[in-house]
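This report describes one protein structure for a reader who is new to the subject. Please keep the sequence and the three-dimensional view at hand while reading.

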Amino acid sequence: QSIQESNGKITEEKTSVFQMTERNGLTYLRLTYHGKVAKDEGQSDPGFEVAFEMNKPAYKEGDTLIFRGESSRKCWLYVFNVSIEGIFTLLLPNEFEKELFLLANSALQLPVKSNRYAFIAEISNSGNIPVSSKKPQTEIIYALFYKGSEPLFTYSDRIKTEWSFVEFNKLLLQIPKNMRDSKFISYTVHP
(Lines give C-alpha, C1' and ligand atoms only; values in the text may rest on other atoms or scores of the structure.)
Protein backbone atom coordinates (compact mmCIF):
# COMPACT_ATOMS: atom_id res chain seq x y z
CA GLN A 1 0.00 0.00 0.00
CA SER A 2 1.44 3.36 -1.01
CA ILE A 3 1.32 6.66 0.86
CA GLN A 4 -0.43 9.38 -1.10
CA GLU A 5 -1.53 12.93 -0.59
CA SER A 6 -5.08 13.87 -1.45
CA ASN A 7 -6.08 17.43 -0.51
CA GLY A 8 -2.97 18.57 1.25
CA LYS A 9 0.75 18.23 1.84
CA ILE A 10 2.44 15.95 4.35
CA THR A 11 4.15 18.23 6.88
CA GLU A 12 5.23 15.70 9.52
CA GLU A 13 5.92 12.00 9.29
CA LYS A 14 7.18 9.21 11.46
CA THR A 15 7.75 5.63 10.41
CA SER A 16 8.65 2.94 12.90
CA VAL A 17 9.22 -0.80 12.69
CA PHE A 18 6.34 -2.55 14.38
CA GLN A 19 7.37 -6.14 13.86
CA MET A 20 10.21 -7.98 12.16
CA THR A 21 9.88 -11.65 11.20
CA GLU A 22 11.91 -14.06 9.14
CA ARG A 23 10.45 -16.78 6.94
CA ASN A 24 12.17 -18.92 4.34
CA GLY A 25 15.33 -16.83 4.52
CA LEU A 26 13.46 -13.54 3.91
CA THR A 27 12.99 -10.73 6.43
CA TYR A 28 9.57 -9.09 6.62
CA LEU A 29 8.96 -5.74 8.31
CA ARG A 30 5.63 -4.47 9.51
CA LEU A 31 5.77 -0.69 9.63
CA THR A 32 3.58 1.97 11.15
CA TYR A 33 3.35 5.37 9.57
CA HIS A 34 2.05 8.50 11.25
CA GLY A 35 1.79 11.72 9.32
CA LYS A 36 0.25 15.15 9.55
CA VAL A 37 -1.32 16.65 6.46
CA ALA A 38 -1.88 20.36 6.02
CA LYS A 39 -4.58 21.41 3.59
CA ASP A 40 -3.29 23.10 0.45
CA GLU A 41 -5.62 26.12 0.56
CA GLY A 42 -6.84 28.20 -2.35
CA GLN A 43 -7.52 27.66 -6.02
CA SER A 44 -5.09 27.23 -8.89
CA ASP A 45 -5.04 29.90 -11.61
CA PRO A 46 -6.63 28.24 -14.68
CA GLY A 47 -4.88 30.74 -16.97
CA PHE A 48 -1.44 29.82 -15.62
CA GLU A 49 -0.39 26.98 -17.93
CA VAL A 50 3.09 25.50 -17.81
CA ALA A 51 5.04 22.89 -19.74
CA PHE A 52 8.29 21.22 -18.81
CA GLU A 53 10.13 18.45 -20.61
CA MET A 54 13.47 16.67 -20.78
CA ASN A 55 15.37 15.78 -23.93
CA LYS A 56 14.66 12.05 -23.35
CA PRO A 57 13.10 9.72 -20.73
CA ALA A 58 16.14 7.47 -20.24
CA TYR A 59 19.86 8.13 -20.09
CA LYS A 60 23.11 6.20 -19.86
CA GLU A 61 25.36 7.19 -17.00
CA GLY A 62 27.39 10.17 -18.21
CA ASP A 63 24.74 11.49 -20.64
CA THR A 64 23.75 15.16 -20.50
CA LEU A 65 20.25 16.11 -19.32
CA ILE A 66 18.58 19.02 -21.10
CA PHE A 67 15.38 20.70 -19.91
CA ARG A 68 12.85 22.95 -21.62
CA GLY A 69 10.36 25.09 -19.70
CA GLU A 70 7.49 27.25 -20.91
CA SER A 71 4.70 29.23 -19.26
CA SER A 72 1.63 31.16 -20.33
CA ARG A 73 2.51 33.88 -17.78
CA LYS A 74 5.78 35.51 -16.83
CA CYS A 75 7.22 33.61 -13.90
CA TRP A 76 10.27 32.33 -12.03
CA LEU A 77 11.41 28.75 -12.64
CA TYR A 78 13.01 26.44 -10.08
CA VAL A 79 14.20 22.95 -11.02
CA PHE A 80 14.84 20.17 -8.49
CA ASN A 81 16.06 16.61 -8.76
CA VAL A 82 14.16 14.25 -6.43
CA SER A 83 16.33 11.29 -5.46
CA ILE A 84 15.13 7.77 -4.71
CA GLU A 85 15.58 8.74 -1.04
CA GLY A 86 13.04 11.57 -1.45
CA ILE A 87 15.57 14.42 -1.19
CA PHE A 88 14.80 17.52 -3.30
CA THR A 89 18.09 18.96 -4.62
CA LEU A 90 18.06 22.39 -6.25
CA LEU A 91 19.49 22.24 -9.78
CA LEU A 92 18.33 25.66 -10.96
CA PRO A 93 18.96 28.42 -10.11
CA ASN A 94 22.64 27.67 -9.55
CA GLU A 95 25.97 29.47 -9.46
CA PHE A 96 25.84 30.01 -13.25
CA GLU A 97 22.12 30.88 -13.52
CA LYS A 98 21.47 32.94 -10.37
CA GLU A 99 17.77 33.27 -11.23
CA LEU A 100 15.54 32.03 -14.03
CA PHE A 101 12.76 34.26 -15.26
CA LEU A 102 10.46 33.11 -18.07
CA LEU A 103 8.61 35.61 -20.23
CA ALA A 104 4.98 34.79 -21.03
CA ASN A 105 4.56 32.32 -23.90
CA SER A 106 8.28 31.88 -24.46
CA ALA A 107 10.36 28.74 -23.99
CA LEU A 108 13.70 28.43 -22.21
CA GLN A 109 16.14 25.56 -22.78
CA LEU A 110 18.45 24.65 -19.90
CA PRO A 111 21.28 24.66 -19.56
CA VAL A 112 21.47 27.70 -21.78
CA LYS A 113 23.82 27.50 -24.73
CA SER A 114 26.71 29.10 -22.80
CA ASN A 115 28.27 25.69 -22.03
CA ARG A 116 29.37 26.91 -18.60
CA TYR A 117 27.75 23.90 -16.92
CA ALA A 118 25.93 20.66 -17.66
CA PHE A 119 23.68 18.21 -15.85
CA ILE A 120 25.18 14.73 -16.08
CA ALA A 121 23.14 11.57 -15.46
CA GLU A 122 24.57 9.34 -12.74
CA ILE A 123 23.50 6.50 -10.51
CA SER A 124 23.53 7.57 -6.85
CA ASN A 125 26.09 5.98 -4.54
CA SER A 126 27.70 4.22 -7.48
CA GLY A 127 31.32 5.10 -6.67
CA ASN A 128 32.36 1.74 -5.21
CA ILE A 129 29.93 -0.50 -7.07
CA PRO A 130 31.38 -2.57 -9.92
CA VAL A 131 29.82 -1.69 -13.28
CA SER A 132 28.43 -5.23 -13.59
CA SER A 133 26.46 -4.78 -10.33
CA LYS A 134 24.87 -1.41 -11.11
CA LYS A 135 21.12 -1.38 -11.71
CA PRO A 136 19.03 1.23 -13.54
CA GLN A 137 17.78 3.97 -11.23
CA THR A 138 14.68 6.10 -11.64
CA GLU A 139 14.53 9.62 -10.25
CA ILE A 140 12.26 12.62 -10.71
CA ILE A 141 12.72 16.16 -11.94
CA TYR A 142 10.33 18.62 -10.28
CA ALA A 143 9.83 21.99 -11.97
CA LEU A 144 8.22 24.73 -9.88
CA PHE A 145 6.85 27.79 -11.69
CA TYR A 146 6.17 30.84 -9.49
CA LYS A 147 4.54 34.00 -10.82
CA GLY A 148 5.37 36.38 -7.99
CA SER A 149 6.81 39.83 -8.74
CA GLU A 150 10.02 38.90 -6.91
CA PRO A 151 11.77 35.49 -6.92
CA LEU A 152 11.22 33.07 -4.05
CA PHE A 153 14.99 33.03 -3.75
CA THR A 154 18.06 33.55 -5.91
CA TYR A 155 21.20 31.47 -5.86
CA SER A 156 23.99 32.37 -3.45
CA ASP A 157 26.65 30.41 -1.58
CA ARG A 158 24.46 30.57 1.52
CA ILE A 159 21.25 29.25 -0.02
CA LYS A 160 19.82 25.95 1.10
CA THR A 161 20.08 23.46 -1.78
CA GLU A 162 18.53 20.27 -0.32
CA TRP A 163 15.16 19.67 1.30
CA SER A 164 13.51 16.54 2.67
CA PHE A 165 10.07 15.62 1.34
CA VAL A 166 8.41 17.17 4.43
CA GLU A 167 10.56 20.34 4.31
CA PHE A 168 9.73 20.80 0.65
CA ASN A 169 5.99 20.42 1.30
CA LYS A 170 6.22 23.10 4.00
CA LEU A 171 7.93 25.39 1.47
CA LEU A 172 5.14 24.80 -1.07
CA LEU A 173 2.42 25.53 1.50
CA GLN A 174 3.90 29.02 1.92
CA ILE A 175 3.18 29.79 -1.75
CA PRO A 176 -0.49 30.46 -2.62
CA LYS A 177 -1.86 27.93 -5.11
CA ASN A 178 -2.83 30.66 -7.58
CA MET A 179 0.82 31.81 -7.69
CA ARG A 180 2.39 28.45 -8.55
CA ASP A 181 2.22 25.46 -10.84
CA SER A 182 4.52 22.50 -11.22
CA LYS A 183 5.44 19.49 -13.33
CA PHE A 184 6.99 16.15 -12.38
CA ILE A 185 8.98 14.11 -14.90
CA SER A 186 10.51 10.73 -14.08
CA TYR A 187 13.65 9.58 -15.83
CA THR A 188 15.84 6.50 -15.66
CA VAL A 189 19.62 6.28 -15.63
CA HIS A 190 21.15 3.06 -16.95
CA PRO A 191 24.70 1.88 -16.18
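Asn24 is placed in the loop between strand S1 (8-23) and strand S2 (26-39). Helices (H or I, at least four residues) and strands (E, at least two) are DSSP runs, numbered from the N terminus. The phi angle of Asn24 is near 50°, a positive value in a residue other than glycine. With a relative accessible area of 82%, Asn24 is exposed. The terms are set as follows: buried means under 20% relative accessible area, exposed over 50%, and partly exposed in between (1.4 Å probe, protein chains only).

The model is predicted: local features need pLDDT of at least 70, side-chain atom pairs count only at pLDDT 80 or more, and totals for chains, interfaces and linings use all residues. Residues are numbered from 1 along each chain as its sequence is written, and side-chain values use heavy atoms, with hydrogens and water left out.

## An open sheet of three strands

An open sheet of 3 strands has the order S3-S6-S10, with antiparallel pairing. Its edge strands, S3 (50-54) and S10 (106-110), each pair on one side only. From one strand to the next, the twist averages 15°; axes are lines fitted to C-alpha atoms, for helices over the stretch in contact, and angles run from 0 to 180 degrees between N-to-C directions. Strands of a sheet pair through backbone hydrogen bonds, either parallel or antiparallel. Here, two strands pair if DSSP finds at least two bridges between them.

Strand S6 (residues 67-71) is joined to S3 by 5 bridges, and the two run antiparallel. S6 also pairs with S10 in the antiparallel sense, over 5 bridges. Glu70 of S6 is the bridge partner of Ala51, and Glu70 also stands opposite Ala107 in S10. Gly69 has Leu108 in S10 as its bridge partner. In a regular strand the side chains alternate between the two faces of the sheet. In S6, the covered face holds Phe67, Gly69 and Ser71, while Arg68 and Glu70 form the uncovered face.

## Strand S12 and its partners

How many of the 10 residues of S12 are buried? The count is 8, and S12 is thus described as mostly covered. S12 pairs with S7 in the antiparallel sense over 7 bridges, and Leu77 has Phe145 in S12 as its bridge partner. S12 also pairs with S14 in the antiparallel sense, over 10 bridges. Glu139 stands opposite Tyr187 in S14.

## Nonpolar cores

A nonpolar core is a set of buried Ala, Val, Leu, Ile, Met, Phe, Trp, Tyr and Cys residues joined through side-chain atoms within 4.5 Å. The largest nonpolar core has 26 residues, of which Phe52, Phe67, Leu77 and Phe145 touch the most other members. At least two residues of this core come from each of S3, strand S7 (75-82), S8, S10, S12 and S14. A second, separate core of 17 residues includes Val82, Tyr142, Leu144 and Tyr146.

## The second largest pocket

On a 1 Å grid over the protein atoms alone, a pocket is an open set of points with protein on both sides within 12 Å along at least five of seven lines, and lining residues have an atom within 4 Å of a point.

Of the 16 residues that line the second largest pocket, Asn81, Ile120, Glu122, Glu139 and Tyr187 are the closest to its centre. Strand S8 (88-92), strand S11 (119-120), strand S12 (137-146) and strand S14 (180-190) each supply at least two lining residues. The lining divides into 9 nonpolar, 4 polar and 3 charged residues. Ala, Val, Leu, Ile, Met, Phe, Trp, Tyr, Cys and Pro count as nonpolar, Asp, Glu, Lys and Arg as charged, and the others, Gly among them, as polar.

## Backbone details in other loops

A cis peptide bond joins Leu92 and Pro93, with omega about 5°; Pro93 is in the loop between S8 and strand S9 (101-102). Another cis peptide bond joins Leu110 and Pro111, with omega about -5°. Pro111 lies in the loop between S10 and S11.

Asn105, in the loop between S9 and S10, has a positive phi of about 55° although it is not a glycine. Asn105 counts as exposed, at 59% relative accessibility.

Definitions and conventions:
1 Å grid on protein atoms, 1.4 Å probe; cavity = no way out; pocket = protein on both sides within 12 Å on 5 of 7 lines; lining within 4 Å.
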